[in-house]
Amino acid sequence: MTFLNKIKSYIDKCLFILLFFIVSSILVCICLQVFSRYLLKHPFVFTEELVRFLLIWLGLFGASYTFGRKGHIALTLILDKFKGNLKKIVNILINILVLIFSVLVLTIGGFKLILITKTQLSSVLTIPIWWVYIVAPISGIITTFYQLYFMLLNLLNKGEQQ
C-alpha cells in the first residue's frame, strides 16, 4: 500500500504544479491581452484562444485533483446525509459511478475525440486540436487511479469515512 501512497502523492504534487502553471499562464495571457488592447490599441489575437484552451485543461485537471483530494462538494454533500453501513454503501456507489464516468466518458470518450480531431488545426494558433483534447483521457486515467485507490482503501478499512 505504501507504493500506491507514493504514486498518489507524486500525482498530487505533479497536478498541483501543473495547475499552478496553467493558472499563471492564464493570468499572463489576460494581462498581455489587456496591455495590447488598451495600451497598444492592437490586441494580440492568440491570447484569447490560448486562454480558452488553458481553461479546458484547468477544468479537467482541476477536477481530477479535486477528486484526488476528496474535495468534490457535491459528493461529500450527499455522503454527509448518511450514517453507519448505509454511508459505506453510498460511498461505494459514488466511487463506482465516478469510476464508470472517468473510464467511459473521460478516458474512452476522450480517446475517441482525439481520433475525430486528429487532422484539425486551431484557427489562430494553428496547433493540432487533439493537443487540446488530450487532457480528457489523461484526466480520466488520473481520476480512475484515484477512485481505485480510494476504493482499495475502503475495502482494507484504512480509508477515512468520507
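## Close-up views of a predicted model

**View 1. Helices H1 and H2 are roughly antiparallel to each other.** This is a predicted model. The axes of H1 (residues 2-39) and H2 (residues 46-68) cross at roughly 155 degrees. Angles over 145 degrees count as roughly antiparallel, so this pair qualifies. The two axes come within 9 Å. Their crossing is left-handed. Angle and distance belong together here: two packed helices are described by the angle between their axes and the distance between the axes.

**View 2. Helix H4 has a kink centred on Gly109.** The kink is about 30 degrees. How far apart are the end C-alpha atoms of H4? They are separated by 46 Å. At 1.5 Å a residue, 33 residues should span 48 Å, so the two values agree.

**View 3. H4 has a set of buried residues.** Among them are Lys87, Val90, Asn91, Ile94, Asn95, Val98 and Leu99. Further along H4, the buried residues include Ser102, Leu106, Thr107, Gly110 and Ile114. An α-helix has 3.6 residues a turn, so residues three or four places apart point the same way.

**View 4. Gln120 sits in the loop between H4 and H5.** H4 covers 84-116, and H5 covers 129-133. Is Gln120 buried or partly exposed? Gln120 is partly exposed, because its relative accessible area is 40%, between the 20% and 50% limits.

**View 5. Gln120 is in contact with Ile127, Pro128 and Ile129.** These contacts leave aside neighbours within four places in sequence. Trp130 is 10 residues from Gln120 along the chain. The C-alpha atoms of Gln120 and Trp130 are separated by 7.7 Å.

Notes: Residues numbered from 1 in each chain as written. Predicted model: local features only at pLDDT ≥ 70, side-chain atom pairs only at ≥ 80, totals over all residues. Heavy atoms only, no water. Helix = DSSP H or I, 4+ residues; strand = E, 2+ residues; numbered from the N terminus. Buried < 20%, exposed > 50% of the residue type's maximum accessible area, 1.4 Å probe, protein only. Contact = heavy atoms within 4.5 Å. Expected span 1.5 Å × (residues − 1). Bend = angle between axes of the 7 residues up to and from the residue. Axes fitted to C-alpha atoms, helices over the stretch in contact; angles between N-to-C directions. Parallel < 35°, antiparallel > 145°, perpendicular 65-115°, else oblique. Left-handed = near helix turned anticlockwise from the far one by under 90°.
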